There are 2 protein chains.
Amino acid sequence: MGLQHAPFGAAEYARRIAKTRAAMEKAGLDAVFVTDPSNQAWLTGYDGWSFYVHQGVILTKDGDPHWWGRYMDSLGALRTCWMEGATIHGYADNYVQSTVRHPMQDLARILRELGLEKARIGVEMENYYYSAKAHAVLTAELPNATFADATALVNWQRLVKSEDEIAFIRKAAKISEKVVRTAIEKSAPGVRKNDLVAEIFHAGITGVGDDWGDYPAIVPLTPSGLDATAAHLTWNGAPMKAGEATFFELSGCYRRYHAPLCRTVFLGKPPQEMLEAEKAQIEGIEAGLEAARAGNRTADVCNAFLDVLKKYGLKREGRMGYPIGLSYPPDWGERTASFRTEDETVLEPGMTFHFMPALWMESWGLETTETILIKETGAAEPLCNMDRKLFVKD
Amino acid sequence: MGLQHAPFGAAEYARRIAKTRAAMEKAGLDAVFVTDPSNQAWLTGYDGWSFYVHQGVILTKDGDPHWWGRYMDSLGALRTCWMEGATIHGYADNYVQSTVRHPMQDLARILRELGLEKARIGVEMENYYYSAKAHAVLTAELPNATFADATALVNWQRLVKSEDEIAFIRKAAKISEKVVRTAIEKSAPGVRKNDLVAEIFHAGITGVGDDWGDYPAIVPLTPSGLDATAAHLTWNGAPMKAGEATFFELSGCYRRYHAPLCRTVFLGKPPQEMLEAEKAQIEGIEAGLEAARAGNRTADVCNAFLDVLKKYGLKREGRMGYPIGLSYPPDWGERTASFRTEDETVLEPGMTFHFMPALWMESWGLETTETILIKETGAAEPLCNMDRKLFVKD
């Protein structure tokens, strides 16, 4: 219990809470109830695979945050949160996946005890772990409170990373390099895809030196051939084949911090159109890195890439990147800014993005991406050190 | 595209859809919109790590189910669903995690096109992937439709498994045996926990023979010592120590089907109270298996275990099992019936449960569990073949 178990020091958590409270004040909120596991961990250090039941963090205008969840997980909260036990609350097990009770009834009781019965409370309306039913029960239980949509209120505070966080992401980046290198090295015709993925997991979880590997928020995406034209298929037991491209969408993870890195391998001789696309993609990434500087906007990064693509007569739609850092399944993105033409977020030093200008074509996919850090001055820094090319194994 | 990619044959999907339609009729529904990835896969075969964006399956009173999701994932749907392309729908990428648009606006358009503008539509109010915001947008877009809570309507249809499904779970069980055996064999003082987890992942994903391993819906839970008193902590880089118990909560996975299996290892000489608890737990499991027979109720299994525990002067609260089968993160349970004292579900042949009477005490945790199949007659069949004991490595 207490700070000795949390990944960061007291000053870092104080910084996060102060930022969040400033955002709450701006939004006119007395409290937020945060269900996003990444937001919970960012505010309190809580870390456990328990987000499949209702749980969350209550932050009011003063005092420590409150962690609330299933009783058996409150024991895990005592062992991972930086707060001492007084603000950790567990609900009885017969609320879990019950057809006659709902955990939000217990949460309402605690909110009442905290004097929030008539408060203006922000909830994350758009989050995996705040169900439509949870909202219906909570609002019915607290008819005199006012509920406001505070989706991503905390996520936006996470956009600029502290030095401590950047150090974690750099460790994750070293693990990412190892993981992608392993995937490329072990790729060969006849290798079953699941055996390759087993090596990828092994490389990532063993980590690098003392920096042990945590589980990434997304499993390895490693599709080959036509499966690589779809973005998010997972593996099967089919052997890799000569004449096919396979992309690796992977990330190392260090204490929940990510640094995604994608590369593509071709077994055999790639078609000419793929080699041309490779050239465009690499030149486009260089242009994007140049545009990814403090003061520019997210759209500028996207447009810099698209301008190069256009020169090569190629087209691409969809977003081309998102902020990364602390995350839990099912997504390693932070779900705030995006590298897309209509996104106008101003880039600031300390922001970290997965710059992800993948090309998914009719008969193949080509993923070459970078996790990047926005610097005080100059172009963005790619945090992984890995040749930026289509890897050809002939 | 089509049945050649789907894990099951046409008759199996027809069976599932007929069961679901019968439940819809009973609930007075014209259609259901299903967001649970497990329900989507069960109805259509869809399989991809794309549930971090909005997607789902629409089932009406007749015709094929409709899969709806992000455009790039609709390509994955074409490659994994049993339906041909006409009922697969993709929405534009600028709906994804947008602050100005919501994918439910696109879904509403499709529901209108399907003539459901004034229909009675079931939605899964209590599901990770149906957010409070999604419900608010969808209901606002279709003011003349009536929305009913159809949480777990499809999940309940999954409770009794077909022969085809049981064959998949048996394959998963073989992988589970391998995974737990690996964990026990590799456990030793000084072994870093993350290195052990790397071996666990490797064993599970390589699978057994031709039965390649898929990713389990929960990462390996492997806490030692005091961390094992909390239920859901994940690993770190600390070495295993003599004098500590470590429990392994693991599952093999074969094409999304699970067979969870937990065992506990003690490095050194276990305390006497743990050995007594072991005895009670094993005798209790035997009693539970005897009670887990067709015609009995879920509560009977729970009570049979608790009666034995009582005899030994031990107490335990909380549920002691749940149905398992097809699943996606964050949970491998089906979220319907539970082995708990207040649950009255009648057991039927073909049901499969993770019978999970773990004991979490003040200074240690002891997990010995079985995936079980309810038989036509007689006691339940444990699907894994693994010594039922506390594994002591002295």
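## A tour of chains A and B

In helix α3 of chain A, the buried residues are A:Met72, A:Asp73, A:Ser74, A:Gly76, A:Ala77, A:Arg79 and A:Thr80. Buried means under 20% relative accessible area, exposed over 50%, and partly exposed in between, with a 1.4 Å probe and protein chains only. Helices (H or I, at least four residues) and strands (E, at least two) are DSSP runs numbered from the N terminus.

The model is predicted: local features need pLDDT of at least 70 and side-chain atom pairs count only at pLDDT 80 or more, while totals for chains, interfaces and linings use all residues. Residues are numbered from 1 along each chain as its sequence is written, chains are lettered from A and ligands numbered from 1 in the order in which they are written, and side-chain values use heavy atoms, leaving out hydrogens and water.

**Stop 1: helix α3 of chain A**

Select residues 71–80 of chain A. Seven of the ten residues in this helix are buried, so it is largely enclosed by the rest of the structure. Now show what covers them: the cover includes α2 (37–44), β3 (66–70) and β4 (88–91) of chain A, together with β11 (359–360) of chain B. Contact here means heavy atoms within 4.5 Å.

**Stop 2: helices α4 and α5 of chain A**

Next select α4 (residues 103–113) and α5 (residues 132–141) of chain A, whose axes come within 9 Å and cross at roughly 40°. That angle makes α4(A) oblique to α5(A). Axes are lines fitted to C-alpha atoms, for helices over the stretch in contact, and angles run from 0 to 180 degrees between N-to-C directions. Angles under 35 degrees count as roughly parallel, over 145 as roughly antiparallel, 65 to 115 as roughly perpendicular, and the rest as oblique.

The crossing of α4(A) and α5(A) is right-handed. A crossing is right-handed if the near helix is turned clockwise from the far one by less than a right angle, and left-handed if anticlockwise.

Show side chains at the crossing. From α4(A), A:Met104, A:Gln105, A:Leu107, A:Ala108, A:Leu111 and A:Arg112 meet A:Ala134, A:Val137, A:Leu138 and A:Glu141 of α5(A). The residues of this contact divide into seven nonpolar, one polar and two charged. Ala, Val, Leu, Ile, Met, Phe, Trp, Tyr, Cys and Pro count as nonpolar, Asp, Glu, Lys and Arg as charged, and the others, Gly among them, as polar.

Stay on α4(A) and colour its buried residues: A:Pro103, A:Met104, A:Asp106, A:Leu107, A:Ala108, A:Ile110 and A:Leu111. They pack against β1 (31–34), β2 (56–60), β3, β4, β5 (120–123) and α5 of chain A. Just after the helix, A:Gly115 takes a positive phi of about 80°.

**Stop 3: α4 and α5 of chain B**

Move to chain B and select α4(B) with α5 (residues 132–141) of that chain; their axes come within 9 Å and cross at roughly 40°. The two helices are therefore oblique to each other, and their crossing is right-handed. The contact is made by B:Met104, B:Gln105, B:Leu107, B:Ala108, B:Leu111 and B:Arg112 of α4(B) and by B:Ala134, B:Val137, B:Leu138 and B:Glu141 of α5(B).

**Stop 4: A:Val197**

Select A:Val197, which lies in helix α8 (residues 193–206) of chain A. A:Val197 is buried, with a relative accessible area of 0%. Leaving aside neighbours within four places in sequence, A:Val197 contacts A:Pro220, A:Thr222, A:Trp235 and B:Ile205.

**Stop 5: backbone exceptions**

Most residues other than glycine have a negative phi, and most peptide bonds are trans.

- A:Pro329 and A:Pro330 are joined by a cis peptide bond with omega about 15°; A:Pro330 is in the loop between β9 (321–323) and β10 (352–355) of chain A.
- In chain B, the peptide bond from B:Pro329 to B:Pro330 is cis, with omega near 10°.
- B:Gln97 has a positive phi near 45° and lies in the loop between β4 (88–91) and α4 (103–113) of chain B.
- B:Arg256 has a positive phi of about 75°. Find B:Arg256 in the loop between β7 (244–254) and β8 (257–267) of chain B; the residue is buried, with a relative accessible area of 2%.

**Last stop: annotated spans**

Colour residues 16–160 of chain A, where UniProt places "domain: Creatinase N-terminal" (unreviewed entry). This span is 38% helix and 18% strand, and its end C-alpha atoms are 11 Å apart. UniProt positions are given in the numbering used here, feature names are shortened, and annotations may be inferred rather than shown by experiment.
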